[in-house]
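Subject: The structure you asked for

Hi,

Have it open in a viewer while you read.

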Amino acid sequence: MKKKISYISCIGIAVSLVICAILYFRPLPLSGFTDKNSKIHLTLIEDNIDNGVLYSDSTEYPDITEEQHEEILSVLDEYSCHRTFGTLFSNGIMHGLGNRVLYIANGQIITVTESGKLSINSKTYRINNADQLIGQILEILE
């Protein structure tokens, strides 16, 4: 009898852990981190090399029209991010960012890196096709 209760308890704990893992690592819509009523402010930082010297170019996009605002929000609707094992304990520090980093300020600070790392209010996530997301947003601004 005790073995049966112990066995059932172990199965219950295992099922609970699997369900928690599925819920924790499920895709989160990127648009869920944006405030549709707040103004969007974008900053792009690109690293380049000129004559063997590394330098960064920073471009700000402060004057976003209402049409561009709606288009950017619709692009963000198409993407989702995923928590990582370190998301709970992260402080927003990311390494290996790639050559382009896009900062989106819209109620929250969203940092999208070319390498697929994402920081939202000092919590790190991962995102698929980050380079494509950055490209689509930059196309809207041109």
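How many residues does α2 have, and how far does α2 reach from its first C-alpha to its last? The helix has twelve residues and reaches 17 Å, close to the 16 Å expected at 1.5 Å a residue. (The expected span is 1.5 Å times one less than the number of residues.)

Before going on, two notes on how to read all this. This is a predicted model, where local features need pLDDT of at least 70 and side-chain atom pairs count only at pLDDT 80 or more, while totals for chains, interfaces and linings use all residues. Residues are numbered from 1 along each chain as its sequence is written, and side-chain values use heavy atoms, with hydrogens and water left out.

**The whole chain**

The protein chain has three helices and eight strands, in the order α-β-β-β-α-β-β-β-β-β-α from the N terminus on. Helices (H or I, at least four residues) and strands (E, at least two) are DSSP runs, numbered from the N terminus. The C-alpha atoms fill a box of roughly 75 × 40 × 20 Å along the principal axes. The radius of gyration is 20 Å, whereas a compact globule of 142 residues would have one near 14 Å. (That radius is taken over C-alpha atoms, and the globule rule is 2.2 Å times the number of residues to the power 0.38.) Of the 142 residues, 32% are buried; buried means under 20% relative accessible area, exposed over 50%, and partly exposed in between, with a 1.4 Å probe and protein chains only.

**Back to α2**

Gln-68, His-69, Ile-72, Leu-73, Val-75 and Leu-76 are the buried residues of α2. They sit on the same side of the helix, because they cover an arc of only 160 degrees around the axis. The arc is that of the directions from the helix axis to the C-beta atoms. Glu-66 and Glu-67, on the other side, are exposed. What do the buried residues of α2 pack against? They pack against β2, β5 and α3, where contact means heavy atoms within 4.5 Å.

**Helix α3**

α3 also deserves a look: the buried residues here are Ala-130, Leu-133, Ile-134, Ile-137, Leu-138, Ile-140 and Leu-141. They fall within an arc of 155 degrees seen down the axis, so they line one face of α3. Their cover includes β2, β3 (53-61), α2, β5, β6 and β8.

Now zoom in on Leu-133, in α3 (residues 130-141). Is Leu-133 buried or exposed? Leu-133 counts as buried because its relative accessibility is 0%. Neighbours within four places in sequence aside, Leu-133 is in contact with Leu-30, Val-75, Leu-76, Tyr-79, Val-112 and Ile-127. Val-112 is 21 residues from Leu-133 in sequence and 8.6 Å away in space, C-alpha to C-alpha.

**The core**

The largest nonpolar core has 28 residues, and Leu-133 is one of those with the most contacts inside it, as are Leu-30 and Ile-104. (A nonpolar core is a set of buried Ala, Val, Leu, Ile, Met, Phe, Trp, Tyr and Cys residues joined through side-chain atoms within 4.5 Å.) Among the elements that give two or more residues to this core are β2 (41-50), α2 (66-77) and β5 (100-106). α3 gives the most, with seven residues. Beyond four places in sequence, Ile-104 touches residues including Ile-40, Leu-42, Leu-76, Val-112 and Ile-137.
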